[in-house]
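Subject: Structure handover

Hello,

Here is the structure I said I would pass on. The sequence and the coordinates come first, and my notes on what was found follow them.

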Amino acid sequence: ERELNALIRLVGRSSGNFICLVLPMVVLQELDGLKKNIDEELAHRARRAVSFIHDAFASRAPWLIGQR
């Protein structure tokens, strides 16, 4: 939770010129699997992260690059 909040603050301060996050597909797949975890806190954090990533891709955030 703390890490995602830090990332949100960091990219919020940037116009996209200084920050570039390369997200390997395997990371998104792992987060997707964690959304169904028995540990509700972990599942919640994974859902929040996936939602953040999805919104960034949907808005074509210049600081996010998906890697296959």
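Two residues are in contact here when they have heavy atoms within 4.5 Å of each other. Please keep in mind throughout that this is a predicted model.

By that rule, and not counting residues up to four places away in sequence, Ile65 touches Cys20, Leu21, Val22, Leu23 and Phe57. Ile65 itself lies in strand S2, residues 64-67. The C-alpha atoms of Ile65 and Leu23 are separated by 6.1 Å, although the two residues are 42 residues apart along the chain. With a relative accessible area of 40%, Ile65 is partly exposed.

Overall layout

The chain has three helices and two strands, and along the sequence they follow the pattern α-β-α-α-β. Of its 68 residues, 25% are buried. If you take the contacts between residues at least 6 apart in sequence, 57% of them join residues at least 24 apart.

Val26 is in helix H2 and counts as partly exposed, at 48% relative accessibility.

In soluble globular proteins, nonpolar side chains tend to be buried together. The largest nonpolar core in this model has 14 residues, and the members that touch the most others are Val11, Leu31, Phe52, Ile53, Ala56, Trp63 and Leu64. Helix H1 (2-13) and helix H3 (40-58) each supply at least two residues of this core. The largest share is that of H3, with six residues.

Leaving aside neighbours within four places in sequence, Leu31 is in contact with Ala46, Ala49, Val50 and Ile53.

The largest pocket

Rolling a probe the size of a water molecule over the atoms shows where empty space is left. The largest pocket found has a volume of about 350 Å³. It is lined by 19 residues, of which Glu3, Leu4, Leu31, Arg45 and Ala49 are the closest to its centre. H3 gives the largest share of the lining, seven residues. By type, the lining residues divide into 15 nonpolar, no polar and four charged.

Salt bridges

Side chains of opposite charge can pair when their charged atoms come close. How many salt bridges does a search of the whole structure find? The search finds two.

Asp32 is partly exposed at 33% relative accessibility, and Lys35 is partly exposed at 26%.

Glu41 and Arg45 form a salt bridge as well, at 3.6 Å from N to O. Because they are four residues apart in helix H3, Glu41 and Arg45 are separated by about one helical turn. Glu41 counts as exposed, with 53% relative accessibility, while Arg45 has a relative accessible area of 33% and is partly exposed.

A backbone detail

Most residues other than glycine have a negative phi, and most peptide bonds are trans. Arg60 has a positive phi of about 55 degrees although it is not a glycine. Arg60 lies in the loop between H3 and S2. Is Arg60 buried or exposed? At 73% relative accessibility, Arg60 counts as exposed, because the cut-off for that class is over 50%.

Those are the notes for the handover.

Regards

Note on methods
Residues numbered from 1 in each chain as written. Predicted model: local features only at pLDDT ≥ 70, side-chain atom pairs only at ≥ 80, totals over all residues. Heavy atoms only, no water. Core = buried A, V, L, I, M, F, W, Y, C linked by side-chain atoms within 4.5 Å. Buried < 20%, exposed > 50% of the residue type's maximum accessible area, 1.4 Å probe, protein only. Salt bridge = Lys/Arg side-chain N within 4 Å of Asp/Glu carboxyl O. 1 Å grid on protein atoms, 1.4 Å probe; cavity = no way out; pocket = protein on both sides within 12 Å on 5 of 7 lines; lining within 4 Å. Points joined across faces, edges and corners; volume = space filled by probe spheres on them. Nonpolar A, V, L, I, M, F, W, Y, C, P; charged D, E, K, R; others polar.
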